[in-house]
Amino acid sequence: MEKMRDSIDFKNMDIAALFRKLLLPTVLGMIFSALFVITDGIFVGKGIGSDALAAVNIVAPLWLFSTGIGLMFGVGASVVASIHLSHNKPKTARINITQSIVVSSLLLMCTSTLFCLFAPQVVHLLGSSERLKPLAVEYMCWFVPFSAFTALLNSGMFFLRLDGSPNFAMFCNIVASVLNIILDYLFIFPFGWGMFGAAFASAIGTTVGALMIIIYLSRRNCALRFYPVKFSRNSMKLMKRNVGYMCRLGSSAFLCEVAIACMMFVGNLVFIHYLKEDGVAAFSIACYFFPIIFMVYNAIAQSAQPIISFNYGLNETLRVRKTYLLALKTAVGCGICFALVTIFCSQEIVAMFIDRSYPAYDIAVQGLPLYASGFVFFAINIVSIGYFQSVERAKYATVITLLRGFILLTLCFYGLPLLLGKPGIWLATPLAELLTTLFILIIYMGRKRNGKENSISLQHGNHAKEILQEV
């Protein structure tokens, strides 16, 4: 297991070199996760049809819910564990990650059971038409039961990177993605299993990746590993407080995923109102593409997170600030590249998912360039949210996430089509991201006027040390 660990010194290593050491395997892992999403869409669209693609988009918010739970507990526990490790308290850090995995898994087991028991009603609430409902229910019932593994695959990435094993974290993502791609092809084309095959392939891929993380965290020679859970009354009280604090720190990560689900849910309603099922199929291509962009930005934010949190725990203000600015520049550069590729290659992108014979093809080709206009603002917002999480400023992160992902997005989705017609539907998300970036600039300018832009208060960190006691 020691061979899995890399030589990483969060305290003394040069920031640029440290960031690159974490960024490369994190981005590569996310790229394979992106391939997971892309190939799933390609195989569903090509092998089953346009309606199947739309049906998967209807159910996608439930997948994002489980991913969001994993990210919430992963971010919250890793920030707290980073601070404890910086103060040489590995036992407390182990308790934190164990509590986060146990509670998130139990939570998702309960919600998954409810979703499957009331599958037709859930699909209806997610905006499915009668035509899409059978396909959506079939996909949902074979993927949702594995939600706990989906969450663990996402939260485990944080713990492995913090333990100094970003390359093994990348390997877990690669194995899960490659397995999903192979099984997707086999189950949909040679076996002809349709929606069941697509869902089951994804479930197997995520489960194998999650089991690799469980094996890693079970080894005794890892700094971060599972710690036995105690069930005494005092231990349960401490666990409740610990989990509550971790959830507050990671709530914006959860809300980011729920925001994508909200975008899909509201977008499905608006598109089906204006453009019927073909509009939903076209929008589903954008929805396959959007999480891929998010994964790369999230990889950048996640690479910066352990560096920022560890040095924040040591009150190394300059190292924290340098890491944030480096992550921001990297994300903006990626955003510009993504936007240009989407604008100039929209036909090729759409053709990967559906044939030109479908009416949804032309709708998507016209809409994707408009949709891509917000990618740079999205980059700034995601990295800034990650920064606020890493320095325990959960309120800033939560307010920004609520603003961009729910309030502004909903207003733009319903308001812009009234002003601009059908192009307004595609411009709703970019406008919401732009307005959020302006809000972040207002926060920065306000702190600059107050002389606080270079300061990092450890008030919240001290509060964490009071709450997160060793059990």
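1. Lys276 is placed in helix 9, where helices (H or I, at least four residues) are DSSP runs numbered from the N terminus. The phi of Lys276 is near 60°, a positive value in a residue other than glycine. The structure is a predicted model, in which local features need pLDDT of at least 70 and side-chain atom pairs count only at pLDDT 80 or more, while totals for chains, interfaces and linings use all residues. Residues are numbered from 1 along each chain as its sequence is written, and side-chain values use heavy atoms, with hydrogens and water left out.

2. A positive phi is also found at Asn88, which is not a glycine and has a value of about 60°. Asn88 sits in the loop between helix 2 (50–86) and helix 3 (90–117). Asn88 is exposed, with a relative accessible area of 66%; here exposed means over 50% relative accessible area, buried under 20%, and partly exposed in between, with a 1.4 Å probe and protein chains only.

3. The core has 159 residues, of which Met263, Phe375 and Phe413 touch the most other members. A nonpolar core is a set of buried Ala, Val, Leu, Ile, Met, Phe, Trp, Tyr and Cys residues joined through side-chain atoms within 4.5 Å. Leaving aside neighbours within four places in sequence, Phe413 is in contact (heavy atoms within 4.5 Å) with Met263, Val266, Gly267, Val270, Phe271, Phe283, Ile425, Ala428 and Thr429.

4. Helix 10 (residues 317–344) has 28 residues and reaches 41 Å from its first C-alpha to its last, close to the 40 Å expected at 1.5 Å a residue. That expected span is 1.5 Å times one less than the number of residues. The buried residues of helix 10 are Arg319, Val320, Thr323, Tyr324, Ala327, Leu328, Ala331, Gly335, Ala339 and Thr342. An α-helix has 3.6 residues a turn, so residues three or four places apart point the same way.

5. The axes of helix 1 (residues 15–47) and helix 11 (residues 346–353) come within 7 Å and cross at roughly 65°. Helix 1 is therefore roughly perpendicular to helix 11, a term that covers angles of 65 to 115 degrees. From helix 1, the residues Ile38, Gly41, Ile42, Gly45 and Lys46 meet Ala351, Met352 and Phe353 in helix 11.

6. Phe159 belongs to helix 6 (residues 147–162) and is buried, with a relative accessible area of 0%. Not counting residues up to four places away in sequence, Phe159 touches Phe73, Gly74, Ala77, Ser78, Ile97, Ser100, Ile101, Leu217 and Leu224. Phe159 and Ser82 are 77 residues apart along the chain, and their C-alpha atoms are separated by 9.5 Å.

7. Phe377, in helix 13 (residues 375–390), is partly exposed at a relative accessible area of 26%. With neighbours within four places in sequence left aside, Phe377 is in contact with Glu433, Leu434 and Thr437. Phe377 and Ala77 are 300 residues apart in sequence and 28 Å apart in space, C-alpha to C-alpha.

8. Val229 is located in the loop between helix 8 (194–217) and helix 9. At 26% relative accessibility, Val229 counts as partly exposed. Val229 touches Thr98, Val102 and Met239, residues up to four places away in sequence not being counted. Val229 and Gln99 lie 130 residues apart in sequence and 7.5 Å apart in space, C-alpha to C-alpha.

Definitions and conventions: Helices (H or I, at least four residues) and strands (E, at least two) are DSSP runs, numbered from the N terminus. Axes are lines fitted to C-alpha atoms, for helices over the stretch in contact, and angles run from 0 to 180 degrees between N-to-C directions. Angles under 35 degrees count as roughly parallel, over 145 as roughly antiparallel, 65 to 115 as roughly perpendicular and the rest as oblique.
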